[in-house]
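Work through these exercises with the model open. Try each task before you read its solution.

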Amino acid sequence: MRNKFLGTGETGFHPLRKIRVVLSGLKYAVRYDFSVTYKLMLSAVVLSIFFFFRKWIDFLLLAAATAMMLQAELFNSAIEAVCDFITTEKSRRVKVIKDISAAAAGICILLWGIILAIETYQVLRLFSILH
Ligand SMILES: Nc1ncnc2c1ncn2[C@@H]1O[C@H](COP(=O)(O)OP(=O)(O)OP(=O)(O)O)[C@@H](O)[C@H]1O
């Protein structure tokens, strides 16, 4: 793929190829990282309930939190992969890099968890109002 800043690689705009790259990255994350898969599944269950009941504010809030969590998980995985690509030897520098990356992901996961808990409570209230 052409690097627009360095002027290297292929020219042209290929939206389909971009979508394929995005799906490929998501496939790696979801297939090989169970901690991403189960979080996405939890969000999907609650999101589909809000979608069904047309609770758009709750839907959008949880969707935003899920996107933020997924983004943090993906960046964390990419940084870990770069570290492991450079060296699999024990290294204090690698430890610092991975720990900082994990901390960034952890903050986003914590916020996602809080929002998921609040929204799950909303779902339970929704059902108790119906029955
Ligand atoms: N090469 C290394 N040298 C020193 N410490 C390391 C090294 N690799 C990993 N660690 C330590 O182990 C922790 C976990 O790293 P690892 O690459 O195993 O991530 P992980 O537990 O698989 O994370 P995730 O669940 O997000 O994929 C790091 O945060 C770091 O403290």
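**Exercise 1. Burial and overall form**

What percentage of the 131 residues of the protein count as buried? Then describe the fold and its extent.

Solution. Keep in mind that this is a predicted model.
- Step 1: 12% of the 131 residues count as buried.
- Step 2: List the elements. The protein has four helices and zero strands. From the N terminus on, the order is α-α-α-α.
- Step 3: Check the radius of gyration. The protein has 19 Å, whereas a compact globule of 131 residues would have a value near 14 Å.
- Step 4: Look at the box. Along the principal axes, the C-alpha atoms fill roughly 60 × 40 × 25 Å.
- Step 5: Turn to the contacts. Take those between residues at least 6 apart in sequence; 59% of them join residues at least 24 apart.

**Exercise 2. The shell around the ligand**

Find the residues that surround the ligand, and sort them by element and by class.

Solution. 
- Step 1: Start with the residues. The ligand is surrounded by Ser 35, Asn 76, Ser 77, Glu 80, Lys 90, Ser 91, Val 94, Lys 95, Lys 98, Asp 99 and Ala 102.
- Step 2: Assign them to elements. α3 (56-86) and α4 (92-130) each supply at least two residues of this shell. α4 gives the most, with five residues.
- Step 3: Sort by class. The shell has five charged, four polar and two nonpolar residues.

**Exercise 3. The annotated binding site**

Which residues does the UniProt annotation "binding site" cover?

Solution. 
- Step 1: Read the record. The unreviewed UniProt entry gives Glu 80, Lys 98 and Asp 99 as "binding site". These residues are spread over 20 residues of sequence, yet they cluster in space, with a largest C-alpha distance of 9.6 Å.
- Step 2: Compare with the ligand shell. Glu 80, Lys 98 and Asp 99 are among the residues that surround the ligand.
- Step 3: Take Glu 80. Glu 80 lies in helix α3. Glu 80 has 17 other C-beta atoms within 10 Å, so it is partly exposed. Leaving aside neighbours within four places in sequence, Glu 80 is in contact with Lys 98 and Ser 101.
- Step 4: Take Lys 98. Lys 98 sits in helix α4. Lys 98 is partly exposed because it has 16 other C-beta atoms within 10 Å.

**Exercise 4. The annotated transmembrane regions**

Where does UniProt place the feature "transmembrane region"? Check two of the spans against the model.

Solution. 
- Step 1: The unreviewed entry places the feature at residues 36-53, 59-79 and 100-118.
- Step 2: Residues 59-79 are 100% helix and 0% strand, and their end C-alpha atoms are 30 Å apart.
- Step 3: Residues 100-118 are 100% helix and 0% strand, with end C-alpha atoms 28 Å apart.

**Exercise 5. A backbone angle to check**

Is Arg 54 buried or exposed?

Solution. 
- Step 1: Locate the residue. Arg 54 is in the loop between α2 (34-52) and α3.
- Step 2: Count its surroundings. Arg 54 has 7 other C-beta atoms within 10 Å, so it is exposed. The cut-off for exposed is 12 or fewer.
- Step 3: Read the angle. Phi of Arg 54 is near 55 degrees, a positive value in a residue other than glycine.
- Step 4: Most residues other than glycine have a negative phi.

Technical notes
Residues numbered from 1 in each chain as written. Predicted model: local features only at pLDDT ≥ 70, side-chain atom pairs only at ≥ 80, totals over all residues. Near = placed C-beta within 6 Å. Nonpolar A, V, L, I, M, F, W, Y, C, P; charged D, E, K, R; others polar. UniProt positions renumbered as here; feature names shortened; annotations may be inferred. Buried ≥ 20, exposed ≤ 12 C-beta atoms within 10 Å, placed from the backbone. Contact = placed C-beta atoms within 7 Å. Rg over C-alpha atoms; globule rule 2.2 N^0.38 Å.
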